[in-house]
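Please look over the chain shown below.

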Amino acid sequence: MKHSISRLQTPNLFVPGAPKSGTTYLANILCTHPEVFIPGEKELHFFCDWKYAEDKRPNYESRFHDRDCDQKLKWWADCSTSYWTQESAASLIQKHYPNSRILILLRDPISQIYSHYWHLRRQNFHCENTEKLNLQEAIQQYPEHLLEPALYSKHLSTWKNYFGSNVKVILFEDLIKGQEKLDQISEFLGLSSTLKSPESLDSRGGVEPKNKLLESVYRSAYRNTTRALIKPVDAIFGWDNFLKYFNRIGARQKLELLFYRKKSSRISDEDASFIVELLRADLNNLPEQLGFQPDCWRSYRMAQNDTS
């Protein structure tokens with residue numbers, strides 16, 4: 001039975017973390033639990049530098065109490081990976097919701113950067129760029145998008161400074177193995193029943209272009225269509241509402257089927273070494289922040305071998 005909750009519902013669970021590290025996968029699991037609510041648009045980005053406005057906070061909070069909810073709800077979650085690299089976001093969240101819990105998902109930086117590179121390349125790196133940059137060129141040209149999120153020790157230290165023991169870190173590689181990490185998350189959130197490892201939910205795998213011609217067509221269409229539609233769509237429907245519907249019907253995935261295939265290629269040893277070289281200092285500092293050594297990560301093992 002559903003009841004209207006009279007008290008104001010505000011977010012009290014935030015799931016930042018590196019892009020392409022399983023946030024969507026975890027959000028899909030969390031939202032199946034009767035004690036967790038996630039808005040239809042899981043990434044609200046409200047506390048990012050480019051979006052935050054204090055007078056808009058009531059509108060942001062309305063995303064969490066605009067429906068009849070079961071009174072069993074304990075957690076209202078904002079799963080915006082864009083908060084991960086922004087200390088201002090951590091500061092604002094701590095200011096307005098100081099008792100929040102923070103779940104942070106991290107993935108081997110080699111895999112994370114490689115997957116994020118293909119994601120951004122499909123979207124022209126969020127700019128007018130039409131160059132088909134290889135991985136190393138893209139990292140050098142867009143370090144704020146590709147390198148900065150992989151500085152795990154740096155950003156984890158920031159979130160722990162603001163939220164202390166209310167921060168829990170989960171490695172993507174452990175999360176997808178099965179139930180153990182979901183039991184730990186359930187205990188961390190004080191859920192009355194454990195989160196369940198899904199049988200029908202899959203972590204969305206990466207994709208790569210079927211061929212160079214189809215990639216060029218897709219990128220050109222993405223750039224021109226987005227530029228032409230964003231203003232009229234925003235005026236008529238609201239861009240956030242449009243994206244919510246667009247994602248709900250799986251339109252992006254359906255379009256990608258025409259131009260892309262499931263990623264089969266692996267990152268080259270040269271590119272992996274290039275990434276580790278850039279991240280070595282941060283990787284070597286990471287065990288102190290995590291409280292354990294991420295030995296399952298190829299990048300960590302390579303950094304240790306390089307310094308041994």
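Two strands count as paired if DSSP finds at least two bridges between them. Helices (H or I, at least four residues) and strands (E, at least two) are DSSP runs, numbered from the N terminus. This is a predicted model, in which local features need pLDDT of at least 70 and side-chain atom pairs count only at pLDDT 80 or more, while totals for chains, interfaces and linings use all residues. Residues are numbered from 1 along each chain as its sequence is written, and side-chain values use heavy atoms, with hydrogens and water left out.

**Confidence**

- The protein chain has a mean pLDDT (the predictor's confidence in each residue, from 0 to 100) of 83, and 71% of its residues reach 70 or more.
- Over residues 1–7 the pLDDT is below 50, yet this stretch has 15 contacts (heavy atoms within 4.5 Å) beyond near neighbours in sequence.
- Where pLDDT is low, the predicted coordinates should not be read in detail.

**Strands around E3**

- E1 and E3 run parallel and are joined by two bridges; Leu13 has Ala77 in E3 as its bridge partner.
- E2 and E3 also run parallel, with two bridges between them, and Val36 stands opposite Trp75 in E3.
- In a regular strand the side chains alternate between the two faces of the sheet.
- In E3 (residues 75–78), Trp75 and Ala77 on one side and Trp76 and Asp78 on the other are all buried; buried means under 20% relative accessible area, exposed over 50%, and partly exposed in between (1.4 Å probe, protein chains only).

**Salt bridges**

- The structure holds seven salt bridges, each a side-chain nitrogen of Lys or Arg within 4 Å of a carboxyl oxygen of Asp or Glu.
- Lys74 and Glu35 form one of them at 3.8 Å, N to O, and this pair links parts of the chain 39 residues apart.
- Lys74 is partly exposed at 35% relative accessibility, whereas Glu35 is buried at 5%.
- Arg57 and Glu61 pair with their closest N and O atoms 3.0 Å apart; they are four residues apart in helix H2, so about one helical turn separates them.
- Arg298 in helix H14 and Asp269 in helix H13 are 29 residues apart in sequence, and their side chains meet at 2.8 Å, N to O.

**Positive phi angles**

- Lys20, although not a glycine, has a positive phi of about 60° and is found in the loop between E1 and H1.
- His45 is not a glycine and has a positive phi of about 60°; its place is in the loop between E2 and H2.
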